[in-house]
Amino acid sequence: MIIPTTLLILFGTTLQVSHIPASFAASVTTCRLEFDKGVREVYPDYGLITGEQFIAQYDKSSCSVISSQAHEASSCDGVTTPCSDEATSVIRINDTTLHYCYTDNMAPKPMTATLLPDGTYSYTSGGLGVVCLNDASKHSFVSLNQTDQILYVATDAKSQSSPWLNYYYLSDQRSLSHVERDGSVQNVLGMFTRGDFLYTVYQVNNNKKTNRITRSCKNERTSGTEILTYTYTDVKCTDNIDGQDVTLNRILAVEYSVSQDKLYVLTTQDPVSSSAVYVCAFDITQDIDNTFDTTQYYSKDEKGNTIKTNQVKLDCSKSRNFAVLSKGVDPVTTSSVVLRTQSTNLFAFSTYESAGNLLFYLISQDTLYVYDTRSPAAKGRLLSEMVLKETPRTMSIANDTIYLTSDTSATMIPTTWCSYYGQDPVSCVGAMDPSCSYSKEHNNCVPTNQCTESEDCVQDLDAGSFSTLFPTEYTFLAPGSVCIHDMFFADVTYTYFPNSSYVTTTSYRDCVDRPSTTAPVINRAPALTTLEIALLVVVGVSVAGCVVLGTHFYICRGKARSCHVCPSTPFLEKSHSGKPPSLSNDKTAPPRTADKTVTSPDSHHIVHVLPPVDFRKSLQEQMRNTAPNSNNVRSNSSDDKNPIVDPGTPMSTADPRIGTSDPLSVSEIVVRGDESSAQHAVVFKNMSADQDADGQSIV
C-alpha cells in the first residue's frame with residue numbers, strides 16, 4: 001500500500017515516478033505557460049489568463065497562447081505605496097463579449113474583449129464600468145445571474161463611504177449597491193448564488209478580525225439605488241481539540257459545492273502561523289438560512305437605544321421601498337469539521353468530485369495535498385501530495401484539471417494521478433483513492449469517472465484489499481515497446497497471487513517494424529549486408545575447399561582414397577575417432593536448450609553456440625572476444641571516436657533482471673530465420689568457421 005504518494009512536479013514535462021517497478025513506469029503530463037509579467041488568475045471557462053499588464057487567451061490541448069493583449073507601460077514604476085497594474089474581474093456577458101478591468105495604479109479602467117471568427121479575441125478600451133467597482137483590488141469577485149441578467153460585483157472597500165457590493169441590471173443598466181458602515185471590508189473571500197439569495201463571505205477590518213457572511217435577495221425588486229434586503233451576521237466554526245472547545249476564528253478561503261449544497265471553509269486560529277488548518281462544512285439550509293430566518297436583529301428604539309427585534313422571514317418575491325434590519329444577533333455556527341490537516345501554511349483549496357466522492361485539494365507555499373473525507377470519524381485521510389517547484393499564488397479546479405498560477409507561469413495538471421500506478425493492481429487498489437480504479441479490461445489504473453459500464457473496474461475504498469478483489473491468480477501481459485538492439489521485443493507476463501506477491505515470465509519476439517537500410521545497424525555498429533554475407537560464404541567455401549584438397553594431397557600424397565578420407569592417418573584418427581566432431585561431445589559448450597520463458601516458433605532459429613553474453617555491454621564487443629577471428633569487429637577502445645555502445649543504457653526495462661549482475665544468455669535470443677537479416681548476419685559473422693547456424697560441424 002502506498003499512502004501517501006509523493007510526486008515531484010516537473011513543469012512542462014512528464015512527471016516520472018520512482019518507486020513503482022520499472023515495467024510499470026507511468027507519468028503525469030502537465031502544461032506550463034510562462035509569461036514575462038506576474039500571473040494573477042486563470043479563467044478556464046473563458047480560456048483566459050490575467051496578469052500584470054496583460055490578458056492572454058490559451059489553448060490547453062496544445063499548451064500554447066493563442067492571443068494576448070499587453071496594456072500600457074506600468075504606472076506603478078517607482079511608486080512606493082501599494083500599487084496594482086493588473087487585469088481583473090473577467091466576466092462573459094454573451095458568447096462573443098467579455099468585460100474585464102485593468103487596475104492601472106488604483107485608477108481602474110474597463111476593457112472589452114470580443115471573440116473573432118477565427119477563435120481569437122480583439123481587445124478595446126471601454127466597456128462595463130461596474131466591473132471596476134471601487135479599486136478592483138486583489139480580493140474581488142464577479143458573478144453573472146444568467147436568468148435575471150444581473151451582474152454581481154464584490155470587492156474590498158477602502159473607505160466607509162464606498163460601496164463594496166453592487167448589483168448591475170444589464171437590461172436597463174440600473175445599479176444597486178451597499179455600503180459597509182460597521183467597519184470596512186478587509187478581504188472578500190467568496191460570493192455565490194443559491195435559490196433566491198446571493199451570499200458573500202468577507203473579513204471585517206477591526207480589532208477582532210471578524211468573519212462575516214451576508215445574505216440578500218439576488219433579484220431586488222425596488223426602484224431605488226440601495227440593496228434593501230441586505231442582511232449579515234458573524235460566521236465561525238468550532239471544534240473539540242484535546243477535550244477543549246476551540247473556535248476557529250480566522251477564515252482563509254471558502255468554496256460553495258453545488259452538488260453537496262454546502263459551504264466549505266478553510267479556517268484556523270490566530271496566530272495563523274502556528275495553528276493547524278481545518279476545513280469546516282456549513283449546510284446552507286440548516287446552518288445558514290435557518291440562522292438568518294430565526295435570529296433576532298439589532299435595531300434602534302425611539303430613544304436611539306440598541307435593541308433586539310424579531311424580523312419576518314425574507315420574501316424575495318415582494319417589492320419593497322424600505323430596507324430590512326441588517327445585523328443579525330446569532331452567528332452562523334457549525335461544528336462540522338470534515339478535515340483536520342497537520343499543516344500550518346495552507347492558504348487555498350478546491351473541491352473535486354469523483355464518482356460521488358468529494359476530494360479536497362489544498363496548497364501551501366511548496367506542496368499540493370489531496371485529502372479524502374469519506375470517513376467522518378477520521379477527519380480526512382491524506383491520499384497524496386505533490387511537491388511544487390514554484391510558489392503558487394492561486395488554485396482552481398475545472399474540467400478535470402487543476403489550474404495553478406505563480407509569479408510568472410500558469411500550470412495545468414490533471415486532477416487524477418492514476419497513471420502513477422500504471423499497471424500495478426496492488427498499488428492501485430491499495431491507494432484507496434476514490435478517483436482511481438483498476439481496469440481489468442485494460443490492465444491499468446484509470447480514473448474512476450472514465451470507467452464505462454462495460455469495463456470491469458474495481459476498487460476497495462474501505463480496506464484496499466487486493467485479495468478481496470482478486471481471490472485467485474490474476475495474469476496479464478505487458479508487451480515490450482523498445483526494440484532491443486534492433487532485434488527483438490521483451491514481453492513480460494505478470495502473475496499476481498492473492499497475497500499480493502507476483503512472478504514474471506519473459507518472452508521475446510522479433511521486431512516487426514525494424515528499420516530497413518542498405519547497411520543494417522546493430523547497436524550503432526554496421527552489420528554485414530546480404531551481398532557481403534554472400535561474398536563471405538563464397539570465399540569461406542572456396543578457402544575451406546582449398547584447405548581440404550591441400551590437406552588431402554599433402555597427407556595422402558595424391559593417392560585415391562574412398563570418400564576422399566585418409567583413415568590410416570594417425571592425426572585424423574586421434575582427432576575424430578572415426579567420427580566427425582560434434583558439438584554435443586564438447587563439455588564446455590553451453591546447453592542447447594533455450595530458456596523456458598522463450599517462445600520459439602518453427603520459423604525462428606535459437607542461437608545456442610556462443611558463451612553467455614552480458615547485454616549491458618556491446619553485443620559485437622563480446623562476440624569479438626569469443627570469435628576465433630575478431631579482425632572484422634570494430635574496436636571499442638577509449639580512442640574510438642564512435643564507440644559502439646552506451647554503457648549506461650540498459651537492454652530492456654521490461655526484463656526484471658536488467659540492472660543485476662546476472663548476464664543474459666544468448667540462448668534466449670530469438671532471431672528471424674532469414675539469412676539476409678541483420679540479426680542473422682551477426683550470427684554468421686561471429687560464428688566459428690567449422691559450425692553452421694545450427695551449431696553442427698561443416699567439416
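**Entry 1: strand β9**

How many of the six residues of strand β9 (residues 87–92) are buried? I found that five of the six are buried, so β9 is largely enclosed by the rest of the structure; here buried means under 20% relative accessible area, exposed over 50%, and partly exposed in between, with a 1.4 Å probe and protein chains only. I took strands (E, at least two residues) and helices (H or I, at least four residues) as DSSP runs, numbered from the N terminus.

I note that this is a predicted model, in which local features need pLDDT of at least 70 and side-chain atom pairs count only at pLDDT 80 or more, while totals for chains, interfaces and linings use all residues. Residues are numbered from 1 along each chain as its sequence is written, and side-chain values use heavy atoms, with hydrogens and water left out.

I then looked for the partner of β9 and found that β9 and β10 pair in the antiparallel sense over four bridges, where pairing requires that DSSP finds at least two bridges between the strands. A hairpin through four residues joins β9 to β10, and Ile91 stands opposite His99 in β10.

**Entry 2: the chain as a whole**

I counted seven helices and 45 strands in the chain. Of its 699 residues, 47% are buried. For contacts, meaning heavy atoms within 4.5 Å, I considered residues at least 6 apart in sequence, and 51% of these contacts join residues at least 24 apart. The chain exposes about 34,000 Å², of which carbon and sulfur atoms supply 50%; the areas come from the Shrake-Rupley method with a 1.4 Å probe, and for residues only the protein chains shown count as cover.

**Entry 3: nonpolar cores**

I looked up the nonpolar cores, each a set of buried Ala, Val, Leu, Ile, Met, Phe, Trp, Tyr and Cys residues joined through side-chain atoms within 4.5 Å. The largest has 27 residues, and those with the most contacts inside it are Ile213, Leu263, Phe282 and Ile288. Among the elements that give two or more residues to this core are β19 (211–217), β20 (231–241), β23 (262–268), β24 (278–283) and α1 (284–294). Apart from this core lies another, of 26 residues, which includes Ile55, Leu98, Leu151 and Tyr168.

**Entry 4: disulfides**

A search of the whole structure gave me eight disulfides, each a pair of cysteine sulfur atoms within 2.5 Å. I examined three of them.

One joins Cys101 to Cys132, with an S to S distance of 2.1 Å, and with 120° about the S-S bond this link is right-handed. Cys101 lies in strand β10 (residues 97–102) and Cys132 in the loop between β12 (121–125) and β13 (141–145), so the pair ties together parts that are 31 residues apart in sequence. Cys101 counts as buried at 0% relative accessibility, and Cys132 is buried with a relative accessible area of 7%.

Cys217 and Cys316 form another, their sulfur atoms 2.1 Å apart. The torsion about their S-S bond is about -85°, so this disulfide is left-handed. Because Cys217 lies in strand β19 and Cys316 in the loop between β26 (306–309) and β27 (332–334), the pair ties together parts that are 99 residues apart in sequence. Both Cys217 and Cys316 are buried.

Cys237 and Cys280 are also joined, with their sulfur atoms 2.0 Å apart, and the torsion of about -80° makes the disulfide left-handed. Cys237 lies in strand β20 and Cys280 in strand β24, so parts 43 residues apart in sequence are tied together. I read a relative accessible area of 2% for Cys237 and 0% for Cys280, and each is buried.

**Entry 5: two serines**

I looked up Ser439, which is found in strand β36 (residues 436–439) and is buried, with a relative accessible area of 0%. Its side chain and that of Glu455 are joined by a polar contact of 2.4 Å, that is, a pair of N or O atoms within 3.5 Å; within protein, one atom must be able to donate a hydrogen and the other to accept it, and residues adjacent in sequence count only if both atoms are side-chain atoms. Not counting residues up to four places away in sequence, Ser439 touches Asn444, Val446, Glu455, Asp456, Cys457 and Tyr474.

Ser384 lies in strand β32 (residues 381–387) and counts as buried at 6% relative accessibility. The C-alpha atoms of Ser384 and Ala431 are separated by 9.0 Å, the two residues being 47 residues apart along the chain.
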